[in-house]
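Dear colleague,

Please read the notes alongside the coordinates.

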Amino acid sequence: MQTANAGSFLDDFNSINDPYKKTLFATGQGQRNESINYYENLTDALASFQEKYGTQLPPEIKSDKQFSGDMMNASAIIARVKDEIYTGNLTDAHKKLEEVRPIFQKILTRNGLLPLSVALVDFHDTMELMLDASGNKESAKVLEIYPKADEKLRVVESISSDSGIKAIRANLDDLMNLAKENKTDELPAKADDLKASYVKVYLATG
């Protein structure tokens, strides 16, 4: 029963997390219409979630004393960016919405829910820096960022060693080796390989 409940709760949690991630991405790209659409999906999902879990928590998070406070904080941040989403500065909205991500990550980590997903998201931020440096053909920058990316990917590898994660590792290390050899023209294509291998695993993880 607990597994079923956990699955149900995670489905509900992901009903918020998915439009949240899409809103975050759209605001980061400066896409007004998409930001509004995703934001409306997010606020609708959040209202449903709060109605369901506002008074009674499921067994798998019942002992989490910080859950209600964390959700209140996340909701307050999301509510505060409404004007910026519709008519204001999307860059400012994006920065404020970024504050929600660590709150959601802590909820999942604290309750032992989807640790692989959390680790992948944590690795993603550093990977993006490597992708940017590779796209700009900056070998030195790639080598500077690699140790942090390597460290975060090791956390992912400690949770799972399936073929998709091995592909991420191979592409990450290939990128580092190309940077070492200063093969700058080959960096962008290898960065695309790394991103594709990450997206494949991330989407399969949920």
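**Salt bridges and layout**

Asp 12 is buried, at a relative accessible area of 19%, where buried stands for under 20% relative accessible area, exposed for over 50% and partly exposed for what lies in between (1.4 Å probe, protein chains only). This is a predicted model, in which local features need pLDDT of at least 70 and side-chain atom pairs count only at pLDDT 80 or more, while totals for chains, interfaces and linings use all residues. Residues are numbered from 1 along each chain as its sequence is written, and side-chain values use heavy atoms, with hydrogens and water left out.

The side chain of Asp 12 meets that of Lys 52 in a salt bridge at 2.8 Å, N to O, the term being used for a side-chain nitrogen of Lys or Arg within 4 Å of a carboxyl oxygen of Asp or Glu. This pair links distant parts of the chain, with Asp 12 in helix α1 (residues 2-28) and Lys 52 in helix α2 (residues 32-53), 40 residues apart; helices (H or I, at least four residues) and strands (E, at least two) are DSSP runs, numbered from the N terminus. Lys 52, at 46% relative accessibility, counts as partly exposed.

A salt bridge also forms between Arg 110 and Asp 64, whose closest N and O atoms are 3.0 Å apart. Here too the pair links distant parts of the chain, since Arg 110 belongs to helix α6 (residues 100-110) and Asp 64 to the loop between α2 and α3 (67-80), 46 residues apart. Asp 64 is buried at 7% relative accessibility, whereas Arg 110 is partly exposed at 31%.

Glu 98 and Arg 101 are joined by a salt bridge of 2.6 Å, N to O, and Glu 98 is partly exposed, with a relative accessible area of 26%. Salt bridges that share partners also join Asp 150, Arg 154, Glu 157, Arg 169 and Asp 173 into one network. The search of the whole structure finds 16 salt bridges.

As for the layout, the protein chain has 10 helices and 0 strands, and its C-alpha trace spans about 60 × 45 × 25 Å along the principal axes. Of the 206 residues in the protein chain, 44% are buried. Among contacts (heavy atoms within 4.5 Å) between residues at least 6 apart in sequence, 68% join residues at least 24 apart.
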